[in-house]
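This report describes how neighbouring chains meet in a multi-chain assembly. Please have the sequence and the coordinates to hand while reading.

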Amino acid sequence: MIVRPHQHWFRRLFVWHGSVLSEILFRLSLNLAMSVVAILCFQWYEALGVKLTLAPFSLLGVAIAIFLGFRNSVSYARFTEARVLWGSLLIVNRSLLRQVKSILPQRPELAQEFAALLIAFSYCLKHQLRGTSMREDLARLLPNHDLKSLESSASPCNRILLLIGQWLGERRQAGEVSDILFQSVDQNINQLSSVLAGCERISNTPIPFAYSLIVHRTVYLFCSLLPFALVPDLHYMTPLVSVFISYTFISLDALAEELEDPFGTAPNDLPLNAMCNVIEINLREMNDETNLPQRLRPDKQFQLN
Amino acid sequence: MIVRPHQHWFRRLFVWHGSVLSEILFRLSLNLAMSVVAILCFQWYEALGVKLTLAPFSLLGVAIAIFLGFRNSVSYARFTEARVLWGSLLIVNRSLLRQVKSILPQRPELAQEFAALLIAFSYCLKHQLRGTSMREDLARLLPNHDLKSLESSASPCNRILLLIGQWLGERRQAGEVSDILFQSVDQNINQLSSVLAGCERISNTPIPFAYSLIVHRTVYLFCSLLPFALVPDLHYMTPLVSVFISYTFISLDALAEELEDPFGTAPNDLPLNAMCNVIEINLREMNDETNLPQRLRPDKQFQLN
Amino acid sequence: MIVRPHQHWFRRLFVWHGSVLSEILFRLSLNLAMSVVAILCFQWYEALGVKLTLAPFSLLGVAIAIFLGFRNSVSYARFTEARVLWGSLLIVNRSLLRQVKSILPQRPELAQEFAALLIAFSYCLKHQLRGTSMREDLARLLPNHDLKSLESSASPCNRILLLIGQWLGERRQAGEVSDILFQSVDQNINQLSSVLAGCERISNTPIPFAYSLIVHRTVYLFCSLLPFALVPDLHYMTPLVSVFISYTFISLDALAEELEDPFGTAPNDLPLNAMCNVIEINLREMNDETNLPQRLRPDKQFQLN
Amino acid sequence: MIVRPHQHWFRRLFVWHGSVLSEILFRLSLNLAMSVVAILCFQWYEALGVKLTLAPFSLLGVAIAIFLGFRNSVSYARFTEARVLWGSLLIVNRSLLRQVKSILPQRPELAQEFAALLIAFSYCLKHQLRGTSMREDLARLLPNHDLKSLESSASPCNRILLLIGQWLGERRQAGEVSDILFQSVDQNINQLSSVLAGCERISNTPIPFAYSLIVHRTVYLFCSLLPFALVPDLHYMTPLVSVFISYTFISLDALAEELEDPFGTAPNDLPLNAMCNVIEINLREMNDETNLPQRLRPDKQFQLN
Amino acid sequence: MIVRPHQHWFRRLFVWHGSVLSEILFRLSLNLAMSVVAILCFQWYEALGVKLTLAPFSLLGVAIAIFLGFRNSVSYARFTEARVLWGSLLIVNRSLLRQVKSILPQRPELAQEFAALLIAFSYCLKHQLRGTSMREDLARLLPNHDLKSLESSASPCNRILLLIGQWLGERRQAGEVSDILFQSVDQNINQLSSVLAGCERISNTPIPFAYSLIVHRTVYLFCSLLPFALVPDLHYMTPLVSVFISYTFISLDALAEELEDPFGTAPNDLPLNAMCNVIEINLREMNDETNLPQRLRPDKQFQLN
């Protein structure tokens with residue numbers, strides 16, 4: 001069982017803040033400073049007939065909350081879809097190996113060959129999504145001649161799928177797999193293709209940039225002007241209330257931005273390393289291999305990545 | 001028919017409160033105490049020029065309601081998905097056994113063997129999700145040699161799927177099941193794999209922690225400050241209104257947290273025991289077995305678990 | 001074509017009210033009485049320094065509207081899903097019979113046998129969901145020996161699926177249906193199984209009870225206190241506005257409760273009788289039978305059930 | 001390419017209004033009249049101590065906006081689903097004909113026969129959904145003996161599916177289509193069945209009547225009382241603001257009602273005529289027929305129907 | 001990997017504005033001018049007893065935010081669906097070619113022929129959706145006799161699917177592809193058909209025109225009247241707050257309109273050129289071709305199209 005991150009929520013609290021807190025803290029300090037400025041200057045600029053009241057900010061605040069709520073649900077949907085895709089990856093990998101093992105029970109060496117291709121696909125996908133080097137993992141898993149064709153390819157994940165398809169085609173040519181069983185296995189390979197293209201889609205198509213931009217900007221301007229609207233009513237309580245309201249809006253905006261790209265390595269992103277590790281252990285165990293890799297454990301910040 | 005819990009809503013009312021009420025009550029008492037403090041100290045700190053008004057809290061309250069509404073819908077979606085997955089488990093189990101029985105009508109002993117594997121899978125999944133010991137249930141259902149391979153496995157549920165696949169592969173090797181029918185049954189086994197991975201996903205991937213945290217914190221700070229914002233207008237009515245508003249926000253927040261993890265044993269969680277029981281009775285009955293297990297009945301608190 | 005209920009909306013208006021109106025009317029009268037009390041006592045308790053203002057209720061009202069909106073969408077989703085499931089039942093029944101008829105065109109007696117099983121399944125599902133006796137309908141449709149096995153079963157609908165599977169298995173054994181066509185028909189039987197389990201899920205898993213409870217309670221307390229918050233501003237207009245606002249909130253809450261269980265016999269529930277009737281007429285007509293049952297017509301209240 | 005209606009938005013503006021505008025205009029005039037009454041009588045009834053303030057209407061207005069927003073999204077979902085179903089109809093028709101043509105390339109006369117059945121199904125569905133006479137279109141497309149069986153049927157669309165199934169069964173009997181290809185084509189026929197039942201479901205199951213009713217009533221009462229709540233603050237500006245707010249609420253309510261039944265012939269409904277026309281042209285063209293029907297063009301109001 | 005547009009957010013900011021900014025700027029200037037008018041005329045028309053207060057605009061603003069939020073989510077759903085469809089196009093193209101290559105490993109010339117048909121389909125779809133000339137791309141990819149039949153066709157994309165189906169039918173006739181493998185490939189061709197019809201649906205069915213119209217109009221009237229409602233409270237701060245609120249509403253409205261039609265060439269639309277380019281490179285690479293087309297790079301405005 002993957003360690004559930006929320007079992008250690010207390011520590012994660014600081015971890016999460018560790019990554020974004022500096023930015024949020026900076027903005028809240030700014031907001032605090034604005035509140036102090038508002039208190040100090042209030043009497044002076046009120047005398048000039050310049051004033052802000054809370055009523056229009058109330059209207060605007062609710063409008064922004066609605067738009068921010070929508071932005072959050074869109075970001076969260078991306079996060080969820082990414083998680084479902086990696087869940088499917090695990091499902092399909094297990095199903096494919098189970099199929100091959102029940103179709104060819106007396107050929108364990110073929111099942112191992114096949115499992116290695118599947119494991120390589122998962123690592124390859126992880127590295128492609130994170131933009132890291134896949135060389136080491138692939139070298140560990142695949143024979144040399146396959147490696148070369150992958151290295152020269154612009155889309156190595158898709159190349160591995162092609163290798164899997166070739167492997168299956170060879171089984172069919174050799175008469176080891178009938179057309180019907182070929183069809184069954186092939187349908188699951190199609191699903192690997194769906195997972196790949198789904199992840200590429202999420203990774204390549206951000207939320208329309210103008211949307212994030214409008215919400216982002218509006219949140220920041222709103223929080224900057226808020227102290228001046230609060231000060232006529234609240235005087236010395238302005239900093240407390242202003243920072244509180246800003247915290248709610250700014251941290252939700254920051255989280256939405258973090259969730260928008262679920263394949264990164266920030267604390268709230270998907271732990272792709274741990275997921276590849278689980279897939280590898282699962283498939284190797286199905287082949288009754290004994291030298292399983294170490295299961296990844298959360299680090300000192302109780303964080304998987 | 002599973003006893004519908006809401007037929008006994010009156011009693012469940014207290015049951016639910018039995019589990020979370022202590023926490024909610026504690027927080028509401030705290031809120032009540034804050035209200036009394038606010039009433040007592042109001043004149044003193046108003047004289048110091050410190051005051052809070054309701055207007056900014058009104059803005060913030062609506063914003064929090066929107067975010068809390070989103071958090072609720074996300075938690076509820078997890079609960080619903082978990083329920084749908086267990087519903088699929090029942091569907092697929094029935095379909096698999098029906099398929100095997102209509103393909104091999106003259107081999108009831110095979111159908112019994114197969115049903116035992118399916119039932120074992122359900123119990124195994126329940127125990128994995130709740131982190132309880134699956135030993136007793138599996139020992140009751142599976143032959144010894146299967147048990148051993150399961151005990152040494154890191155993911156016993158997936159191991160059972162492998163056993164089911166092997167069983168099917170053996171039928172095919174023996175010529176009892178043609179390739180085409182193998183394909184039909186195999187597709188349903190793939191769905192068992194989907195159910196397994198779906199449950200694992202929900203169980204291992206909580207709602208991004210920062211999200212719960214921000215909403216949680218904001219709700220609590222909001223409720224703590226509310227009495228001070230209400231007291232200038234409401235005076236002696238402050239405790240009533242403050243506790244009422246806090247009740248709405250705090251109890252929805254508490255419920256969202258409870259629904260977020262639907263596989264627990266709290267009153268609003270899924271009754272996995274009863275569901276496994278139904279699956280076992282259903283499958284055994286399809287095999288015309290007569291020594292069916294007792295149907296689980298709600299306990300004295302009208303509670304299934 | 002099923003008679004569209006909204007063609008007679010005027011009458012339905014009173015029908016719907018006929019079922020829930022008494023409760024809503026009672027609560028609105030209570031609200032009216034509270035308004036009168038508020039008007040009468042206002043000066044007395046205002047003199048005591050006790051007062052309620054609208055501002056906190058405005059905040060609370062919007063929050064409740066958001067939560068009530070969510071509860072409504074959840075209830076409506078259950079209603080819709082139930083409707084889609086019964087729509088699928090019609091689809092799959094038609095498709096199954098069409099398949100059997102195009103595979104075995106020269107065996108009309110088999111198609112009739114098969115259609116009877118399908119029709120029996122629909123009626124059985126209706127009776128199971130409503131908790132009514134299925135004996136009469138099944139006796140009309142099925143041969144005696146099948147009836148007995150159904151009566152002793154704890155889940156007769158699933159038993160009928162087993163009979164359908166057996167029927168199909170017999171066709172395959174007799175060489176009348178090839179493995180490939182068996183697979184095609186079998187996939188549709190799997191869908192019947194999905195419909196069954198989907199309906200059971202909706203029927204057995206209400207919206208988490210605590211959720212309905214919190215919203216329900218909050219709506220009622222809100223409406224009870226509302227007159228006291230309105231009276232300082234509105235005086236004699238308090239009853240009108242208070243009853244109007246209460247009507248909006250209370251009737252939506254009542255409707256959400258009614259839609260939550262779509263298989264009942266209340267006016268807004270699904271007309272399962274009419275749906276079974278349509279399925280029976282459709283299937284019999286496909287077999288060119290002439291003694292079709294009477295199509296169900298709405299009753300005097302223009303109500304199907 | 002179907003002419004995009006929004007290319008001519010200016011004219012459509014008046015068209016849409018042409019259909020619902022009379023009703024909306026009537027209600028807005030009523031609202032205007034109420035505003036004038038409110039201005040004229042304000043001093044008189046204020047002297048009596050009767051007054052309405054905006055605060056409770058503000059609360060109610062936001063609540064109604066939330067409920068109206070939900071009603072709109074439900075109506076729009078029905079419209080979208082209806083559109084997706086008709087899109088599927090086009091997809092499946094093309095796929096079916098493509099399958100038949102690639103399976104039986106040297107039998108163009110069979111492909112024409114088959115295409116005629118598919119086209120007839122689309123027209124039949126359109127007429128059933130709109131309650132118009134399908135006689136003329138069917139007579140144009142189908143041979144006489146089929147026509148008769150359709151005319152005596154209570155669900156002619158389903159009857160055509162049965163004919164399509166028979167046609168396919170005959171090909172299989174004649175050995176022109178193997179069991180496997182039969183299965184492929186049959187799956188697509190199942191999808192036609194899904195489209196049929198999906199359209200019937202939308203057409204026969206309106207949004208629960210009580211829901212529309214509550215929202216409808218509340219919107220109207222709200223708009224009627226609004227002038228009296230606005231007049232204390234706005235005096236002579238009451239008519240402008242009151243009509244503006246009423247326009248927003250009333251027109252969205254009217255649109256929701258129009259979208260709820262997407263199969264009508266109102267300007268915002270689906271252009272079923274044009275869609276049938278596209279399907280017919282597409283299928284005939286695939287068969288290299290030359291006497292294609294005229295493509296339907298928008299009328300003078302730039303309106304398809 | 002497609003260049004992620006948000007890596008260059010700063011420049012895109014101006015790009016996006018480049019396309020819609022002129023319109024938004026114009027409207028905001030108008031709003032600014034209205035604010036100045038409001039400040040200048042305030043004392044004059046207040047003396048006449050004419051005034052606007054913020055309270056009704058607050059109510060209206062929240063209502064509009066709710067409706068605008070719905071409109072945004074509908075537009076965004078269209079954008080997302082369009083993106084998913086083009087993602088599927090990539091998936092299915094890869095899967096189809098992988099299938100053909102693993103079924104016919106020793107026939108690379110057939111795989112090239114097939115790949116050319118698939119690539120042509122993607123380009124054809126792009127040109128159809130954008131209304132541009134497909135002649136050049138098709139001439140580059142397809143043999144002459146196919147070109148002719150496409151040019152005379154009213155729906156060339158569908159015609160290419162027919163050619164793909166014929167190609168597959170010929171393989172089956174020649175005994176190179178068994179019925180079962182024909183079925184597997186055919187299912188993926190059905191999915192190409194779904195992508196085609198899905199894109200046509202989005203392109204041909206805008207959001208019901210009345211909906212955009214009502215929201216659009218209401219936003220504009222709201223922003224025009226807003227300065228007059230703000231001026232009594234804010235005096236000289238009116239322009240700042242009025243332009244800020246208007247910016248939020250107007251830019252979200254403008255974005256919703258841009259996303260509504262995702263197949264255009266505006267900066268927030270889908271980069272169909274780049275997508276076709278990726279598909280072509282992917283498929284050619286799978287065939288080990290060496291003269292791959294240049295990968296499209298973002299232009300000087302960091303913009304793909």
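## Contact between chain E and chain A

In this predicted model, chain E brings 68 residues to its contact with chain A, and chain A answers with 62 residues. The size of an interface is often given as the accessible area lost when the parts come together. For chain E and chain A that area is about 5,800 Å², and carbon and sulfur atoms account for 66% of it.

The side of chain E that touches chain A draws at least two residues from each of α1 (9-47), α2 (54-103), α7 (179-204), α8 (209-234), α9 (238-260) and α10 (272-286) of chain E. Of these helices, α2(E) supplies the largest share, 25 residues. Sorted by class, the side of chain E that touches chain A consists of 36 nonpolar, 22 polar and ten charged residues.

## Salt bridges from chain E to chain A

Three salt bridges are found across the interface of chain E and chain A. In one of them Arg94(E) pairs with Glu200(A), with 3.1 Å between the closest N and O atoms.

A salt bridge also joins the side chains of Arg98(E) and Asp186(A), at 3.2 Å from N to O. This pair runs from one chain to the other, with Arg98(E) lying in helix α2 of chain E and Asp186(A) in helix α7 of chain A. Over all chains, the structure holds 80 salt bridges.

## Contact between chain A and chain B

Where chain A meets chain B, 68 residues of chain A are in contact with 62 residues of chain B. About 5,800 Å² is buried between chain A and chain B, with 66% of that area coming from carbon and sulfur atoms. The interface of chain A and chain B holds three salt bridges, including one between Arg94(A) and Glu200(B), whose closest N and O atoms are 3.2 Å apart.

Across the interface of chain A and chain B there are also 16 residue pairs in polar contact, with both residues at pLDDT 80 or more. On the side of chain A that touches chain B, the elements giving two or more residues are α1 (9-47), α2 (54-103), α7 (179-204), α8 (209-234), α9 (238-260) and α10 (272-286) of chain A. The most comes from α2(A), which gives 25 residues to this side. By class, the side of chain A that touches chain B has 36 nonpolar, 22 polar and ten charged residues.

## How the copies are related

Chain C and chain E do not touch either, with 10 Å between their nearest C-alpha atoms.

## Annotated transmembrane regions

An unreviewed UniProt entry lists residues 24-45 and 52-70 of chain A under "transmembrane region". In the model, residues 24-45 of chain A are 100% helix and 0% strand, and the end C-alpha atoms of this stretch lie 29 Å apart. Residues 52-70 of chain A are 89% helix and 0% strand, with 28 Å between the end C-alpha atoms.

Key: Residues numbered from 1 in each chain as written. Chains lettered and ligands numbered in written order. Predicted model: local features only at pLDDT ≥ 70, side-chain atom pairs only at ≥ 80, totals over all residues. Heavy atoms only, no water. Contact = heavy atoms within 4.5 Å. Buried area = accessible area lost by both parts, 1.4 Å probe. Salt bridge = Lys/Arg side-chain N within 4 Å of Asp/Glu carboxyl O. Polar contact = N/O pair within 3.5 Å; in protein donor to acceptor, adjacent residues only side chain to side chain. Helix = DSSP H or I, 4+ residues; strand = E, 2+ residues; numbered from the N terminus. Nonpolar A, V, L, I, M, F, W, Y, C, P; charged D, E, K, R; others polar. UniProt positions renumbered as here; feature names shortened; annotations may be inferred.
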